[in-house]
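Visitor: I'd like to learn how to read helix packing and pockets. Could you walk me through an example?

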Amino acid sequence: MIASQKHLPRYAPMTRFLHWVVALMVIATFPIGVVMLQDGLARPTQDLLFILHKNGGVIILLLVVLRLVWRLRVAAPPMPARVPALQARLARAAHWALYALLLVMTVSGYVRVRAGGFPIEMLDALGVPSFVPRSDSLAEYAQFVHGNARFALALLIVGHAGAGLVHLIRRDGVFKRIWPPLGQGPQ
């Protein structure tokens, strides 16, 4: 372990909490989205998976918006000086691309469902009206965006997680900035 790593600036506890909650929800939502479309599923199972996917997407959207608002108010800690400038720029770009793709996925999912005339049970229970008109063509376009953006998001997540793993193995202090999700962790 590098001696100065002990004193590296870390993300705020709220940032770390939101990061890991969103990460876990997205990781859970991906396989649910794949399985729910499989042929031969019992209808009650498929309905449950659709409900989990749609409502999970709404929660992810709200958390990402909260995370963005928080991120704009609370700056990310600087990268350790030993991280090359190009690598630091790529990391910043990847973070903003993750935010953008999470917004694209959640908004396109919402538009697909609402324009398709389907319920979002959590929002319906809260009396939240639809913000998009009923439109088969809009639903189809949103489904196209949602279905294709998932590949870019998956690749970016794998790259992000891979980079995190590299930093964890190197013990260079970069991973420690975001871990643990709660509390202060080992000092």
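Here is a short chat about helix pairs and pockets.

Guide: Ground rules: this is a predicted model, where local features need pLDDT of at least 70, side-chain atom pairs count only at pLDDT 80 or more, and totals for chains, interfaces and linings use all residues. Residues are numbered from 1 along each chain as its sequence is written, and side-chain values use heavy atoms, with hydrogens and water left out.

Visitor: At what angle do α1 and α5 pack?

Guide: Helices are DSSP runs (H or I, at least four residues), numbered from the N terminus. Axes are lines fitted to C-alpha atoms over the stretch in contact, and angles run from 0 to 180 degrees between N-to-C directions. Here α1 (residues 13-35) and α5 (residues 136-170) pack at about 130°, with axes 12 Å apart. Angles under 35 degrees count as roughly parallel, over 145 as roughly antiparallel, 65 to 115 as roughly perpendicular and the rest as oblique; α1 and α5 are therefore oblique.

Visitor: Which residues make that contact?

Guide: Contact means heavy atoms within 4.5 Å. From α1 come His19, Val26 and Phe30, and from α5 Arg150, Leu153, Ala154, Ile157 and His160.

Visitor: How do α3 and α5 cross?

Guide: Their axes come within 7 Å and cross at roughly 150°, so α3 and α5 are roughly antiparallel.

Visitor: Now pockets. How much space lies in the largest pocket?

Guide: On a 1 Å grid over the protein atoms alone, a pocket is an open set of points where a 1.4 Å probe fits, with protein on both sides within 12 Å along at least five of seven lines; lining residues have an atom within 4 Å of a point. Points are joined across faces, edges and corners, and a volume is the space filled by probe spheres set on them. The largest pocket holds about 1,100 Å³. Its lining has 39 residues, and His19, His95, Leu98, His160 and Ala161 are the closest to its centre. The biggest contributor is α3, with 11 residues.

Visitor: And which residues are closest to the centre of the second largest pocket?

Guide: That pocket has about 870 Å³ of space. Among its 34 lining residues, Met36, Phe50, His53, Val113 and His146 are the closest to the centre. The largest share of this lining, 11 residues, comes from α2.

Conventions
Helices (H or I, at least four residues) and strands (E, at least two) are DSSP runs, numbered from the N terminus.
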